[in-house]
Amino acid sequence: MGARVRKLVSAVVLFGAIAGGVAWFLTRPEPWPAAHWDGLGEPDLANGERVFWAGGCTSCHAAPKSEGDARLVLSGGLPLKSPFGTFHVPNISPDESAGIGSWTLADFGNAMTRGAGPNREHLYPSFPYGSYARLTSKDVNDLWGFLKTLPKGTNVAPPHDLPFPYNIRLVLGGWKLLFFTDKPRVTVDTGNPKLARGQYLVEGPGHCGECHTPRNTLGGFEADRWLAGAPNPEGEGRIPNITPGSKSIGAWSESDIVTYLETGFTPDFDTVGGTMVEVQKNMARLPAGDREAIAAYLKAVPARE
């Protein structure tokens, strides 16, 4: 009997080791091969700034309540409350110690588009790499070049405050296996350059779905309710539906949306409020053609009530 028990225990241990190895292989961080970031040339800083404002980097990474040029010091520190705990936004300034000044383009690009840190660790999707995964390598290179021109900040954000098991980064591999994708969220006429650009901006750098799309209990998007509105992830109020089926903006024309993104005024002369204030400030810095493309896309997505 003793020998049988030992064999059984050995078999269980071996099976567990094999299963664990398979699970790790399926859920391990997967940065791009090094060659992916080769040959991109000198960054186009003007385009990098355009991606910067489209991505709303200052909204989260600038010090809370900063104004003017201080918004360009991306020293982090903002707490983001969620059902999974509180995330603290990191310093992404060019500071070599407190920020990401010691990173390479590959480090930055893999964080942005693969959710993988420089030490091959999984990053939490509170950083919206699920949307930034749509960024082109050129835009990543240009954005990286622009970020390096910004002021350094020495603030070191506190660590995330997450309960078990969310404080175990390995579980993020399973989350990515279920929900991480760089595929388009909806089907639009990509033969139309304006719609294609709008889809890229909204689904990619603009990461609009991160707030405007409801999530399941594991924090993944409810794919069939894209942009249909969702509870505020920080617990107060609700993020509105921005599809053509919306009771609040569904009747807006493309020009109404363009004006709102540029000026902050709604068609009935109300003004932008809440967390959308920062988003609108960023959108106002984009070329008019980008705001028009965003509006065209928002009128083309499936209507959701």
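**Close-up views of a predicted model**

**View 1. An aromatic cluster is formed by Phe 127, Tyr 129, Tyr 132 and Phe 180.** The four residues are joined into this cluster through ring pairs. The structure shown here and in the other views is a predicted model. Across the model, the count of aromatic pairs comes to 11.

**View 2. Phe 87 and Tyr 124 form a tilted aromatic pair.** The ring centres are 5.5 Å apart, and the planes of Phe 87 and Tyr 124 make an angle of 55 degrees. Phe 87 belongs to strand 2 (residues 85–88), while Tyr 124 sits in the loop between helix 4 and helix 5 (129–132). The pair thus links distant parts of the chain, 37 residues apart. Both Phe 87 and Tyr 124 are buried.

**View 3. Phe 108 and Trp 144 form a stacked aromatic pair.** Their centres are separated by 4.9 Å, with 25 degrees between the planes. The angle counts as stacked because it is under 30 degrees. Phe 108 lies in helix 4 and Trp 144 in helix 6, so the pair ties together parts that are 36 residues apart in sequence. Phe 108 and Trp 144 are both buried. Beyond its neighbours within four places in sequence, Phe 108 is in contact with Ile 100, Trp 103, Val 140, Leu 143, Trp 144 and Leu 147.

**View 4. The largest nonpolar core holds 43 residues.** Phe 52, Phe 108, Ile 294 and Tyr 297 are the members that touch the most other members. Two or more residues each come from helix 2 (45–55), helix 4 (105–114), helix 6 (137–147), helix 8 (193–203), helix 10 (254–263) and helix 12 (288–300). Helix 6 gives the most, with five residues. In soluble globular proteins, nonpolar side chains tend to be buried together.

**View 5. Helix 2 packs against helix 6 at an angle of about 95 degrees.** The axes of the two helices are 7 Å apart. Helix 2 is therefore roughly perpendicular to helix 6, as angles of 65 to 115 degrees count as such. From helix 2, the contact is made by Leu 45, Asn 47, Gly 48, Glu 49, Val 51 and Phe 52. Helix 6 contributes Lys 138, Asp 139, Asp 142, Leu 143, Gly 145, Phe 146 and Leu 147. The residues of this contact comprise six nonpolar, three polar and four charged.

How values were computed: Residues numbered from 1 in each chain as written. Predicted model: local features only at pLDDT ≥ 70, side-chain atom pairs only at ≥ 80, totals over all residues. Heavy atoms only, no water. Core = buried A, V, L, I, M, F, W, Y, C linked by side-chain atoms within 4.5 Å. Buried < 20%, exposed > 50% of the residue type's maximum accessible area, 1.4 Å probe, protein only. Helix = DSSP H or I, 4+ residues; strand = E, 2+ residues; numbered from the N terminus. Contact = heavy atoms within 4.5 Å. Axes fitted to C-alpha atoms, helices over the stretch in contact; angles between N-to-C directions. Parallel < 35°, antiparallel > 145°, perpendicular 65-115°, else oblique. Nonpolar A, V, L, I, M, F, W, Y, C, P; charged D, E, K, R; others polar. Phe/Tyr/Trp six-rings, centres within 6.5 Å; stacked < 30°, edge-to-face > 60°.
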